[in-house]
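Morning, everyone. Please look at the fold on the screen before I start. I will take the sheet, then the helix, then the charged pairs.

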Amino acid sequence: MADKESGIEQPKTEITGMERNVKTGPANYFKGLSNIGGKLTLTDTQMIFKPGRLNFRRSIEAIAVKDIVAVERRNTLGVMPNGFGVVLRNGTTHRFVVYGREDWIQAVVKVRSKISPPKKMS
């Protein structure tokens, strides 16, 4: 189902049998001013962030890989090189802090490039 305003399709929030799990690991997701701890999973079609059980915010975030137009390196507090962001077609940026940032970036770029050649992936 596509969001009428943004044109971005909302992916499923669960991994189906048709998807291949590419990478999974602990992550923090920045939503507004909130920093939510949980688990980030990258499949061959989507990224899914599931908050940990102890978080106040419990909503699952799902991002279709086909909607990603750029991957950006980010530094936590401006100095710690442990974050990255994905920019979607509608201009929305989703930011994560992970262990092994470069591995995550390479995995997202690789999955995205298999769907269609990227226009801008840094």
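One definition to begin. Buried means under 20% relative accessible area, exposed means over 50%, and partly exposed is in between. Take Arg101 as a test case: its relative accessible area is 12%, so Arg101 is buried. Keep in mind that this is a predicted model.

Now the sheet. How many strands form it, and in what order? There are 7 strands in an open sheet. The order runs β4-β3-β2-β1-β7-β6-β5, with antiparallel pairing. At the edges sit β4, residues 61–64, and β5, residues 68–76. Each of these edge strands pairs on one side only. From one strand to the next, the twist averages 30°.

Look at one pairing in detail. β1 covers residues 21–31, and β2 covers residues 34–43. They pair in the antiparallel sense over 10 bridges. Lys31 is opposite Ser34 in β2.

Next, the helix. Helix α1 spans residues 101–115 and packs on the sheet. Which strands does α1 touch? The list is β1, β2, β3 (46–51), β5, β6 (80–88) and β7 (93–98). The direction of α1 makes about 175° with that of β5.

On to the charges. The count comes to 5 salt bridges. One of them joins Arg89 and Asp67, with the closest N and O atoms 2.4 Å apart. Why does this pair tie separate parts together? Arg89 lies in the loop between β6 and β7, while Asp67 lies in the loop between β4 and β5, so the bridge links parts that are 22 residues apart in sequence. Is each partner buried or exposed, or in between? Arg89 has 49% relative accessibility, so Arg89 counts as partly exposed. Asp67 is at 0%, and therefore counts as buried.

Another salt bridge is between the side chains of Arg74 and Glu72, at 3.2 Å from N to O. Arg74 is partly exposed at 31%. Glu72 is partly exposed too, at 26%.

Back to Arg101. Arg101 forms a salt bridge with Glu102, and the closest N and O atoms are 3.5 Å apart. Glu102 has 31% relative accessibility, so Glu102 counts as partly exposed. Arg101, at 12%, is buried. Which residues make up the network here? Arg73, Arg101 and Glu102 are linked in a network of salt bridges.

That is my tour. Questions, please.

Definitions and conventions:
Residues are numbered from 1 along each chain as its sequence is written. This is a predicted model: local features need pLDDT of at least 70, side-chain atom pairs count only at pLDDT 80 or more; totals for chains, interfaces and linings use all residues. Side-chain values use heavy atoms; hydrogens and water are left out. Two strands pair if DSSP finds at least two bridges between them. Helices (H or I, at least four residues) and strands (E, at least two) are DSSP runs, numbered from the N terminus. Axes are lines fitted to C-alpha atoms, for helices over the stretch in contact, and angles run from 0 to 180 degrees between N-to-C directions. Contact means heavy atoms within 4.5 Å. A salt bridge is a side-chain nitrogen of Lys or Arg within 4 Å of a carboxyl oxygen of Asp or Glu. Buried means under 20% relative accessible area, exposed over 50%, partly exposed in between (1.4 Å probe, protein chains only).
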